[in-house]
Amino acid sequence: MIRNENRNQIATMVMTALMMCLVMIATMFIKVPIPFTQGYVHLGDSMIFLAVLILGKKSGALAAGAGSALGDIIGGYAFWALWTLLIKLIMAWILGSFVERMEKLGKNQQEGRISVGEVIGMVIAGLEMTAGYYVTEAVMYGNFIAPLSGVPWNIGQFAVGMVLACILASALCKTPAKKFFAYK
């Protein structure tokens, strides 16, 4: 007989693996190359934001970092995998930390909808991701001007990811899946 505590740990592991796979798939298969750079934009950020909302800060960050890094490795960008792991893990951690802070302040209670605190957390997390890739690319290539061309693309990527995550989370919160959300 599996005790409730073990059952919860198993459910968390399964949901983390599921979200990791969704991040990887959205990163690998739905990508658009960025002109004049060696990068691409993708829909993985939407799954990262959703992973944090469902799993919370720790498991969401694990799913975000590992799923994104796997997407880079399998998708032909293995030289970015370590940096992506760190940048996306921190991105998810920031969102989770911000949402947790808003909950402690009692400002994150929105029944069945995405809260303003969650949206602000996504913006802050997205800006960290944009800055992280800018700095990494600038250091890797020894040029602090050329990476500026990727900044608008990264902002667009996380903005689209925010919109999709908000739509998906709002829809899921109107179903029995709502019980799986860490912050609802």
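Predicted model: local features only at pLDDT ≥ 70, side-chain atom pairs only at ≥ 80, totals over all residues.
Which residues lie nearest the centre of the largest pocket?

Residues are numbered from 1 along each chain as its sequence is written, and side-chain values use heavy atoms, with hydrogens and water left out.

**View 1. The largest pocket and its lining.** G39, Y40, W80, Y133 and E137 lie nearest the centre of the pocket, among the 25 residues that line it. A pocket is an open set of points on a 1 Å grid over the protein atoms alone, where a 1.4 Å probe fits, with protein on both sides within 12 Å along at least five of seven lines, and lining residues have an atom within 4 Å of a point. About 410 Å³ of space lies in the largest pocket, a volume being the space filled by probe spheres set on the points, which are joined across faces, edges and corners. Two or more lining residues come from each of β2 (40-42), α3 (57-74), α4, α5 (116-141) and α6 (151-172), and α5 gives the most, with four residues. Helices (H or I, at least four residues) and strands (E, at least two) are DSSP runs, numbered from the N terminus. The lining comprises eleven nonpolar, eleven polar and three charged residues, where Ala, Val, Leu, Ile, Met, Phe, Trp, Tyr, Cys and Pro count as nonpolar, Asp, Glu, Lys and Arg as charged, and the others, Gly among them, as polar.

**View 2. Helix α2 against helix α4.** The axes of α2 (residues 44-55) and α4 (residues 81-104) come within 9 Å and cross at roughly 45 degrees; axes are lines fitted to C-alpha atoms, for helices over the stretch in contact, and angles run from 0 to 180 degrees between N-to-C directions. The two helices α2 and α4 are therefore oblique to each other, given that angles under 35 degrees count as roughly parallel, over 145 as roughly antiparallel, 65 to 115 as roughly perpendicular and the rest as oblique. In this contact (heavy atoms within 4.5 Å), α2 contributes D45, I48, F49 and V52, and α4 contributes K88, M91, A92, L95 and G96.

**View 3. Helix α2 against helix α6.** With their axes 7 Å apart, α2 and α6 pack at an angle of about 45 degrees, which makes α2 oblique to α6. The residues of this contact divide into eleven nonpolar, three polar and one charged.

**View 4. Helix α4 against helix α5.** The axes of α4 and α5 come within 8 Å and cross at roughly 155 degrees, and α4 and α5 are therefore roughly antiparallel to each other.
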